[in-house]
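These are my notebook entries on one protein structure. I recorded each item that I looked up, together with the terms that it needed.

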Amino acid sequence: MGGITAEAFASSPPRPSTVPAGTPTPPPEPLSEVPYHGYSFPHARLKRRLTHANKTPLVLVSCGSFSPPTLLHMSMFSAAESYAHGTGFELVGSYMSPCSDTYGKSSLVPAHHRINMCRLAIEQTGSNAMIDDWETLRRDEAGRPVYTRTADVLKRLDEQLNDVLGGIQTPDGTFVRARVMLLIGADLALTMSDPKVWAPADIDVLLGYYGAFIVERPALCTTQAAIQPLSKYRDNMFVVPPSFQNDVSSTKARAQIRNGQVAHDLPRSVYDYIKLHHLYQGSVPAQQKVDKKSSKPDLGMVSPRLPVASHR
């Protein structure tokens, strides 16, 4: 089940991949976590039985700050679902995974607001996406929020879906493992070849083991520029053509709100929530700022997430 497209990588012939075809082995080690008070893995909207016996069950995961969630975030899910119909995958679930309050961006509002806004965005747009708030609930021994790498988010979702829930049932009654993949924009993919932004070991997990559905963002970057440096993972990358105006960004929406403008790129319920709670207006309150020294990941100067991305 090969990946790519985007005019078959600008009509270039396939290159030998340094990543084994299919799903590489061995898989990443699952995370050992103590359950957090009040948390349960969301799966109410997970399709537990395949419709097509010859397809692979697919679960898409969008990781980010969602500060705030935009219409683009929600449109990416629908575009990916439409695209998946023409592949060997059958989409059985989609997740939004808001990052921890330790992410370290001054524009980040507290997690409970971001989760509430994601919930409103899902309700208004009629999306089947689910919110997994595990990242926001993780704490260290002192009770402080813990930074979580994107690779660890996918590892844990894989474990919950396939080891805890037992996978997805096929029409003949057997169970198979769901394929977990990232859902990202091409602008984020453009950064993944930069070792100063992403740890290469994490990219091996994210793209080498799991893979990604990459939504084209022609207003921000060319798809070829984004995926060419990642060509060794080509079998695990699936390029989703844009079916909507997608120069939207959370950064743009925040600027509009600070300037007293109506942010038309947000679901109306999200915009109303922001106004009700006076979010993103004026300077960031001191209590919302994060001590970056305490929030650094354990990878030295390398961040396993994109520090400043337009879709976050």
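**Entry 1: terms and source**

I began with the polar contact, which is a pair of N or O atoms within 3.5 Å; within protein, one must be able to donate a hydrogen and the other to accept it, and residues adjacent in sequence count only if both atoms are side-chain atoms. I noted that this is a predicted model, in which local features need pLDDT of at least 70 and side-chain atom pairs count only at pLDDT 80 or more, while totals for chains, interfaces and linings use all residues. Residues are numbered from 1 along each chain as its sequence is written, and side-chain values use heavy atoms, with hydrogens and water left out.

**Entry 2: Ser 100**

I looked up the polar contacts of Ser 100. A polar atom of its side chain lies 3.4 Å from the backbone oxygen of Val 146. The Ser 100 side chain also makes a polar contact with the side chain of Thr 102, at 3.0 Å. Ser 100 is in the loop between strand S2 (89-98) and helix H3 (111-125). Helices (H or I, at least four residues) and strands (E, at least two) are DSSP runs, numbered from the N terminus.

Is Ser 100 buried or exposed? Its relative accessibility is 3%, so Ser 100 counts as buried. Buried means under 20% relative accessible area, exposed over 50%, and partly exposed in between, with a 1.4 Å probe and protein chains only. I then listed what Ser 100 touches, not counting residues up to four places away in sequence: Leu 108, Arg 114, Glu 135, Thr 136, Pro 145 and Val 146. Contact means heavy atoms within 4.5 Å.

**Entry 3: the whole chain**

I counted eleven helices and eight strands in the protein chain. Of its 312 residues, 53% count as buried. Among contacts between residues at least 6 apart in sequence, 81% join residues at least 24 apart.

**Entry 4: the sheet**

In which order do the six strands of the open sheet stand? I read the order as S3-S2-S1-S6-S7-S8, with parallel pairing. Two strands pair if DSSP finds at least two bridges between them. Strand S3 (130-131) and S8 stand at the edges with a single partner strand each, so one side of each has no neighbour in the sheet.

Leaving aside neighbours within four places in sequence, Met 130 is in contact with several residues, including Pro 42, His 43, Gly 93 and Ile 122.

The bridge partner of Ala 212 in S8 is Met 237. I recalled that in a regular strand the side chains alternate between the two faces of the sheet. In strand S8 (residues 237-240), Met 237 and Val 239 are on one side, Phe 238 and Val 240 are on the other, and all are buried.

**Entry 5: aromatic pairs**

How many aromatic pairs does a search of the whole structure find? I found seven. Rings of Phe, Tyr and Trp (its six-membered ring) pair if their centres lie within 6.5 Å; planes under 30 degrees apart count as stacked, over 60 as edge-to-face and the rest as tilted. Tyr 83 and Phe 213 form an edge-to-face pair, 5.7 Å centre to centre and with 85° between the planes. Tyr 83 lies in helix H2 (residues 71-84) and Phe 213 in strand S7 (residues 212-215), so the pair ties together parts that are 130 residues apart in sequence. Both residues, Tyr 83 and Phe 213, are buried. One aromatic cluster is formed by Tyr 83, Phe 89, Phe 213 and Phe 238.

**Entry 6: nonpolar cores**

A nonpolar core is a set of buried Ala, Val, Leu, Ile, Met, Phe, Trp, Tyr and Cys residues joined through side-chain atoms within 4.5 Å. The largest has 42 residues, and Val 61, Leu 154 and Met 192 have the most contacts inside it. Helix H7 (residues 200-210) gives the most to this core, with six residues. Apart from this core lies another, of 39 residues, among them Met 117, Met 181, Val 240 and Val 270.
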